[in-house]
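Subject: Structure handover

Hi,

Here is the structure we talked about. My notes on it follow below.

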Amino acid sequence: MGLYDMYQSKKTIRKNFPLLGRMRYLLEGLGPEMRQYFVETDLDGKPFNRLQRSIVYQRSKKESDSMPFGTQLDVYQDGYEWINHSIRAIPFSKGNENPKVHIGSSQCTKPYDASMFNISAMSFGSLSKNAILALNNGAKQGGFYHNTGEGGLSPYHLQGGDVVWNIGTGYFSCRTADGKFNYNEYTKRATLDNVKMIEIKFSQGAKPGHGGILPKEKVTDEIATIRLVSKGQDILSPPTHSAFTTPLELMDFVKLLRKGSEGKPIGIKICIGNKSEFLSICKAMVETKTYLDFITVDGGEGGTGAAPQEYSDHVGMPLRDAIAFVYDSLNGFGIKDQIKIIASGKVITGFDIVRTLSLGADLCNSARGMMFALGCIQALECHNNTCPTGVATQNPDLMKGLVPEEKSFRVARFQHETVKSAMDLMASAGLSHPDEVTRDVITTRIDRNKVETFAEIFPELETGCLLFESTVPKEFLYFWRKACSEKF
């Protein structure tokens, strides 16, 4: 090995330091694990620190999640947030421990009552079949929904749990051989009893405007059959839809999907980019009087999907700003009462839920939180098919360690305890239902000597003010003028 290192020409370190230089690559490979287990403090880990991961593990196992001796957070650091509790706090026992959110516009004939905390979009293919089985059975036990992700509707999603079928630009499970939308394949699946809602995916927080990626190493015969694609190559979703090209055509597509599902709620999933494009969708809804039933807002913080680093770090509007913008836009056009907002982006605790509700969301989804409940240890091997916990892999030797019967209980317990925590926090603020959470419930530190509520940071627009140019607020005027229902 030493002689080989001396005469090879690709690795400088190994050539200059034969044999000994190999230690550098060994230590580099072990670096993430060394940092996680021996170097990181409770608050250092990324994307989720040890405290955040621990609270999921504790709740999924129904262990005590109480902590002694006060917070470890620096409460005087910029960005620190808290709930404004009330002298009129109400007993938790008098509240609804598991409130439901009614989803369905005036044009929806089969509305759905959803939990306020659900499983976000994660595809079979990206996740193992054992992981999908555990998630769906957990959703069945806990009475919340399971989003399929854009990878299609598999048999493992149909174990009795409520399902939101996510249809992306690749139209997996409802596509023709050349990748176009197939209405006949769509109606076969959209009318299944377990499928409660249909979600048109525009973009995801992990890689907005890029399209999904499933490496060929993860593409089995079964996955190819479910997605209606061929095997032996990376499955790349196009960055844009082919079934429509304008906001008005999107409204026609919504009506088509609503008809093919026999009246179930139809929504979109979007990571906000150009504000004018979202306002264009709002204008199209107003002009055609065709309404989405829900909008899932994915934050640019990224998610379970593997993505180029620049996309994860620098593309897409973060969740907090996006939720406020979407709520204000819908309210400004006078259509918020028709449409529910679903927040998705690093939501794993009761406080995360209350914070997103305060900004304008009606309910929340969680992807990585549910993965932690399955046993994910944040090994960051999701894209390599080498996930050591069997969650994000198609390797049968690795996925066998994930026992669906055991992990489904953990998913259900995590969801239940997190909703319970959120309702407990609301009760402390004198609130008995998620609908009562407003922007003055949360305060954030702007700098060391200044704090503001979300109501001050994101002042709400007057209902209907975006219907006419003369009443559009100046901060919206540029984007409002640029928005057009006939083009994105």
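I start with a pair inside one helix. Glu-406 and Arg-410 are four residues apart in helix H15 (residues 404-428), so about one helical turn separates them. The two form a salt bridge, with the closest N and O atoms 3.3 Å apart. Glu-406 is partly exposed, at 37% relative accessibility. Keep in mind that this is a predicted model.

**Salt bridges**

A search of the whole structure finds 19 salt bridges. One of them joins the side chains of Arg-22 and Asp-5, at 2.9 Å from N to O. This pair links distant parts of the chain: Arg-22 is in helix H3 and Asp-5 is in helix H1 (residues 2-7), 17 residues apart. Asp-5 is buried, with a relative accessible area of 0%. Arg-22 counts as partly exposed at 27%.

Another salt bridge runs between Arg-320 and Glu-81, whose closest N and O atoms are 3.1 Å apart. Arg-320 sits in helix H11 (residues 319-332) and Glu-81 in strand E1, so the pair ties together parts that are 239 residues apart in sequence. Glu-81 is buried at 13% relative accessible area, while Arg-320 is partly exposed at 33%. Both belong to a network of salt bridges that links Glu-81, Arg-320, Asp-352 and Arg-355.

**Helix H12**

Just after H12, Gly-360 takes a positive phi of about 135°.

**A buried lysine**

The cut-off for a salt bridge is 4 Å. A polar atom of the Lys-340 side chain does lie 3.2 Å from the backbone oxygen of His-102. Lys-340 is in strand E12 (residues 340-344). Leaving aside neighbours within four places in sequence, its contacts include Val-101, His-102, Ile-103, Asp-293 and Asp-362.

**Asn-365**

Asn-365 is in strand E13 (residues 363-366). It is buried, with a relative accessible area of 1%. Its side chain makes a polar contact of 2.6 Å with the side chain of Tyr-145. Not counting residues up to four places away in sequence, Asn-365 touches Tyr-145, Asn-118, Ser-120 and Thr-296, among others. Ile-342, Ala-343 and Ser-344 are also among the residues it touches.

**Aromatic rings**

The count comes to 18 aromatic pairs. Phe-181 and Phe-253 form one that is edge-to-face, 5.1 Å centre to centre with 80° between the planes. The pair links distant parts of the chain, 72 residues apart. Phe-181 is in the loop between strand E6 (162-167) and helix H6 (183-190), and Phe-253 is in helix H8 (residues 247-260). Phe-181 is buried at 16% relative accessible area. Phe-253 is buried at 4%.

Tyr-478 and Phe-479 also form an edge-to-face pair, at 5.3 Å and 80°. Tyr-478 is exposed, at 56% relative accessibility. Phe-479 is partly exposed, at 25%.

One aromatic cluster contains Trp-165, Tyr-171, Phe-181, Tyr-183, Tyr-186, Phe-202, Phe-244, Phe-253 and Phe-488.

Two charges over rings are worth a look. The charged end of Lys-283 sits over the ring of Trp-480, 3.9 Å from its centre. Arg-227 lies over the face of Phe-172, 5.0 Å from the ring centre.

**Two loop residues**

Asn-96 is in the loop between strand E1 (81-83) and strand E2 (100-103). It counts as partly exposed at 38% relative accessibility. Beyond its neighbours within four places in sequence, Asn-96 is in contact with Met-423 and Ser-432. Its C-alpha atom is separated by 35 Å from that of Gly-316, 220 residues apart along the chain.

Asp-42 lies in the loop between helix H3 (22-39) and helix H4 (50-60). It is partly exposed, at 28% relative accessibility. Not counting residues up to four places away, Asp-42 touches Asn-49, Arg-50, Leu-51 and Gln-72. Asp-42 and Val-254 are 46 Å apart, C-alpha to C-alpha, and 212 residues apart in sequence.

Best regards

Note on methods:
Residues are numbered from 1 along each chain as its sequence is written. This is a predicted model: local features need pLDDT of at least 70, side-chain atom pairs count only at pLDDT 80 or more; totals for chains, interfaces and linings use all residues. Side-chain values use heavy atoms; hydrogens and water are left out. A polar contact is a pair of N or O atoms within 3.5 Å; within protein, one must be able to donate a hydrogen and the other to accept it, and residues adjacent in sequence count only if both atoms are side-chain atoms. Contact means heavy atoms within 4.5 Å. Rings of Phe, Tyr and Trp (its six-membered ring) pair if their centres lie within 6.5 Å; planes under 30 degrees apart count as stacked, over 60 as edge-to-face and the rest as tilted. Buried means under 20% relative accessible area, exposed over 50%, partly exposed in between (1.4 Å probe, protein chains only). A charge sits over a ring if NZ of Lys or CZ of Arg is within 6 Å of the ring centre and within 35 degrees of the ring normal.
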